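Please look through the sequence and the model shown here before reading on.

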Amino acid sequence: MAKLLFFGRLSDAAGRASETLALPKDACTAHELLNLIKSREPALGAALDHPSVRIAVNQRLASSRDVTLSDADEIAFLPPMSGG
Amino acid sequence: MVIVQAESFDAGAKINAFMQGRTDAGACVSFTGVVRDETQSARVAELALDHYPGFTEAALEKLVARARTQWSVGDILLIHRVGPMRPGDTIVLVAVAATHRDEAFEAARFLVDALKTDAPIWKKETAPDGSVRWIEPPAELSAQG
């Protein structure tokens, strides 16, 4: 199971800060994961897929939605940061 | 040293402890950020900071390392609060020890500015009437000085 984390307004949009989820297949891309979420929760999927939202996989920022995900990954969705 | 914590802290006591026993530093420049009760003429009853444990600390460590590379300074202390806060609470402390004041001022200034743009922190303001808004650029970046 992959662990998803939602930060900032995305945790409000999701109604939760985290969840565990079975990826649609082995070695799926973030793009495919987003499509799965969109099929289940269209509003949340759209919020997560916004171009301003960055994705971190195992605490490292991914350069694109083509990043490959595997089942033990921690996948974080980061909206634009407010700063400290 | 970078510390991200939910507990409130006494900035003065932290600066004193940071400088305790130092005889090599001729200067300590510090910045204390305080939660304001108003941003963009909106009243703020509570400010809550969301962060990504591990990821946020690593990003702040990187900023501190950059400051130490760029300026000839000694130790740097950066304490950032997260979680719910009220107006008047100390939200952040940056303290830079250095041999000379110019380098200390510049490094501290860099860090405070960089925190505003590069810190992986998400702020939620709650107004006195209970309405909430997440602060994101290009809206006002912060509720602190």
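Asp118(B) lies in helix H3 of chain B, where helices (H or I, at least four residues) and strands (E, at least two) are DSSP runs numbered from the N terminus. The model is a predicted one, in which local features need pLDDT of at least 70 and side-chain atom pairs count only at pLDDT 80 or more, while totals for chains, interfaces and linings use all residues. Residues are numbered from 1 along each chain as its sequence is written, and chains are lettered from A and ligands numbered from 1 in the order in which they are written.

- Asp118(B) is partly exposed, with 16 other C-beta atoms within 10 Å; a residue is called buried if 20 or more other C-beta atoms lie within 10 Å of its own, exposed if 12 or fewer, and partly exposed in between, with C-beta atoms placed from the backbone.
- Leaving aside neighbours within four places in sequence, Asp118(B) is in contact with Ala59(B) and Leu63(B), contact meaning that the C-beta atoms of two residues, placed from the backbone, lie within 7 Å.
- Asp118(B) and Ala59(B) are 59 residues apart in sequence, and their C-alpha atoms are 7.8 Å apart in space.
- Ala59(B) and Leu63(B) are among the buried residues of H2(B), and the others are Phe55(B), Thr56(B), Leu60(B), Val64(B) and Ala67(B).
- The cover over these buried residues includes strand S4 (54-57) of chain A, together with strand S1 (2-5), S5, strand S6 (76-81), helix H3 (101-118) and strand S9 (121-126) of chain B.
- Helix H2 of chain B has 16 residues (55-70), which should span 22 Å at 1.5 Å a residue, and its end C-alpha atoms are 23 Å apart, which agrees; the expected span is 1.5 Å times one less than the number of residues.

**Chain B as a whole**

- Chain B holds three helices and 10 strands, and from the N terminus on its elements run β-α-β-β-β-β-α-β-β-β-α-β-β.
- The radius of gyration of chain B is 16 Å, close to the 15 Å that the globule rule gives for 145 residues, so chain B is as compact as a globular protein of that length; the radius is taken over C-alpha atoms, and the rule is 2.2 Å times the number of residues to the power 0.38.
- The C-alpha trace of chain B spans about 50 × 25 × 25 Å along its principal axes, and 37% of the 145 residues count as buried.
- Among contacts in chain B between residues at least 6 apart in sequence, 75% join residues at least 24 apart.

**A sheet in chain B**

- Four strands of chain B form an open sheet in the order S7-S5-S9-S10, with antiparallel pairing, and two strands are said to pair if DSSP finds at least two bridges between them.
- Strand S7 (83-85) and strand S10 (132-135) of chain B stand at the edges, each with a single partner strand, so one side of each is left without a neighbour in the sheet.
- Three bridges join strand S5 (residues 46-51) of chain B to S7(B), the two running antiparallel, and Leu49(B) stands opposite Gly83(B) in S7(B).

**Chain A**

- Chain A has three helices and seven strands, and its elements run β-α-β-β-α-α-β-β-β-β from the N terminus on.
- Roughly 35 × 25 × 20 Å is the box that the C-alpha atoms of chain A fill along the principal axes, and buried residues make up 26% of its 84 residues.
- Five strands of chain A form an open sheet of mixed pairing in the order S2-S1-S7-S4-S5, in which strand S2 (18-21) and strand S5 (60-61) are the edge strands, each pairing on one side only.
- Four bridges join strand S1 (residues 2-6) of chain A to S2(A), which run antiparallel, and Ala2(A) stands opposite Leu21(A) in S2(A).

**Positive phi in a loop of chain A**

- Most residues other than glycine have a negative phi.
- Asn58(A), in the loop between S4 and S5 of chain A, has a positive phi near 50°.
- Gln59(A), which lies in the loop between S4 and S5 of chain A, has a positive phi of about 70° although it is not a glycine.
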